Amino acid sequence: MGDGERFPRSAMQIDLDCFFVSEEFGFILEQPATDLPDYYRVWMGLASNLTPLIQTHQLRDLVNEMPVLSPHHLKSHRELRLAHLALGFITMGYVWQEGQNLPAQTLPKSLALPYWLVSKRLGLPPILTYADSVLVNWRLKDPTGDMEIGNLETLFSFPGGESCKGFFLVSLLVERAASSGIQGAFSVMNSVVTCDIISIQKGLYKVGQSLRKMKEIFELMHRYVDPTAFHGTLRIFFSGWRDNPMLPGGLLYEGVVEEPMMLSGGSAAQSSSIQCFDALLGICHDDHAASFLKRMREYMLPSHRQLIETLSGCPPLRDFILSCSSPSLCINYDSCVSALVSLRSYHLSAVTRYITVPGHRARTMRCPLNGVGSALDETGTGGSSPLPFLKSIRDATQRALISQTRLT
Ligand code: HEM
């Protein structure tokens, strides 16, 4: 049977625009809105002043006094995204204002109800996600200038000063570096359908280049984010209310549902980019990792989630390459897998630097007035030690290498 018969040409060609993914910006929202209609000035006022309001312990009182606003004046997708971002920041600040010992157990109706309604319109959960804090939380200082770190500003920020901004902005630039790889992934998948080997090679080259660029940009984290500020101050504000010993019973959204909700905190595990590359390359994770990563898709925009699912449903690239007996195609494929392994290995070193080492230091030098406390010392947003888990994900990536398969 020829390749053309095994991978039918009639399969649908994929178009990035259908998934609200831009060629230049990937999953990042281009030109995010920076302000909402005047009716919502109370939300924008709180979200823009979060750090002083948390530090002076005023945020909860102000939220409790807030009127219950209707989200009906939010018209465009950009306005909805900005509202979700602002309400997400206010929610995290509200819950964690007093640190780990006194998390809020209930979100008042003035915040919970509009947040729930905005979330439903977007298809996102009512908690701060990566799709908010990274993909929408930016503006150019000089709109005519380039998208580089010196010309970027976050819209909202948590305590943690420059390290907080650095964390969001470096993540944004890593995501930007993924955009050409996403284009490449789509061109590969479309070319598999037509068995166009040259275009597959070109697409894979783009994917590999993009993964290497992502790692290079990730290295900026060391320059812009201080591990002590990240671990001791910033991280608690990403914590969710699922599998979290600080909020074991979840969070009650007053005026929305009777039962508390269990939702995971924000994490780049919610980035659609890496999951697209996994889907393209046919990386097989173990059951635990696969179900975690699948669950993280619930924290992505529906169109982005659908894009990953579409890629996963395409004719398997790895099988196609194995069936082609083209050494250069195998090299192109392996080069992408190696770049993804290298990115994941680098990520592991970042987790050691930003979570494991400061967590260990905090445990040995425990000061009751310092930091967010023991519950977060060495855990990921899912509440367990992330290193063995992340290693298993990296090792599964490595096992996809065709050269390695042939040696074993
Ligand atoms: C200081 C920087 C970072 C730290 C401390 C960190 C920490 C973590 C932790 C603890 C997890 C485990 C899951 C969880 O707890 O939510 C995780 C997962 C993940 N992170 Fe990060 N992260 C950082 C930056 C990034 C960046 C910039 C990216 C973008 C490429 C990224 C991509 C991922 C992905 C894709 C996962 C899911 C596992 C995988 O697919 O490999 N992280 N991260």
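A search of the whole structure, which is a predicted model, finds 16 aromatic pairs. Rings of Phe, Tyr and Trp (for Trp, the six-membered ring) are paired if their centres lie within 6.5 Å; planes under 30 degrees apart count as stacked, over 60 as edge-to-face, and the rest as tilted. Helices here are DSSP runs of H or I with at least four residues, numbered from the N terminus. Phe89 is buried, with a relative accessible area of 0%, and Phe168 is buried at 1%. Buried means under 20% relative accessible area, exposed means over 50%, and partly exposed lies in between (1.4 Å probe, protein chains only).

The pair of Phe167 and Phe230 is tilted, with 5.2 Å from centre to centre and 50 degrees between the planes. Phe167 lies in helix H8 and Phe230 in helix H11 (residues 227-234), so the pair joins parts that are 63 residues apart in sequence. Phe230 is buried, at 8% relative accessible area. Ring pairs link a cluster that includes Phe89, Phe167, Phe168, Phe230 and Tyr354.

Two arginines are placed over aromatic rings. The charged end of Arg60 sits over the ring of Tyr94, 5.7 Å from its centre, and Arg176 lies over the face of Phe25, at 4.7 Å from the ring centre. For such a placement, NZ of Lys or CZ of Arg must be within 6 Å of the ring centre and within 35 degrees of the ring normal.

The largest nonpolar core has 136 residues, of which Trp43, Phe158, Leu204, Trp241 and Leu317 touch the most other members. A nonpolar core is a set of buried Ala, Val, Leu, Ile, Met, Phe, Trp, Tyr and Cys residues joined through side-chain atoms within 4.5 Å. Apart from neighbours within four places in sequence, Trp241 is in contact (heavy atoms within 4.5 Å) with residues including Thr91, Trp96, Ile127, Tyr253 and Leu263.

Nine salt bridges are counted, each being a side-chain nitrogen of Lys or Arg within 4 Å of a carboxyl oxygen of Asp or Glu. One of them joins Asp278 and Arg344 at 3.0 Å, N to O. This pair links distant parts of the chain, with Asp278 in helix H12 (residues 272-281) and Arg344 in helix H16 (residues 327-364), 66 residues apart. Asp278 is buried at 7%, and Arg344 is buried at 12%. Arg41 and Asp38 meet in a salt bridge of 2.9 Å; Arg41 is exposed at 56% and Asp38 is exposed at 55%. In the salt bridge of Glu219 with Lys215, the closest N and O atoms are 3.8 Å apart. Glu219 is partly exposed at 35%, as is Lys215 at 24%.

Helix H16 also contains His347. NE2 of His347, at 2.0 Å, is the only protein donor of the iron atom of the ligand. Donors are N, O and S atoms within 2.8 Å of the metal (3.2 Å for Na, K and Ca); water is not among the atoms, so sites may look incomplete.

Residues are numbered from 1 along each chain as its sequence is written, and side-chain values use heavy atoms, with hydrogens and water left out. In this predicted model, local features need pLDDT of at least 70 and side-chain atom pairs count only at pLDDT 80 or more, whereas totals for chains, interfaces and linings use all residues.

Terms used
Helices (H or I, at least four residues) and strands (E, at least two) are DSSP runs, numbered from the N terminus.
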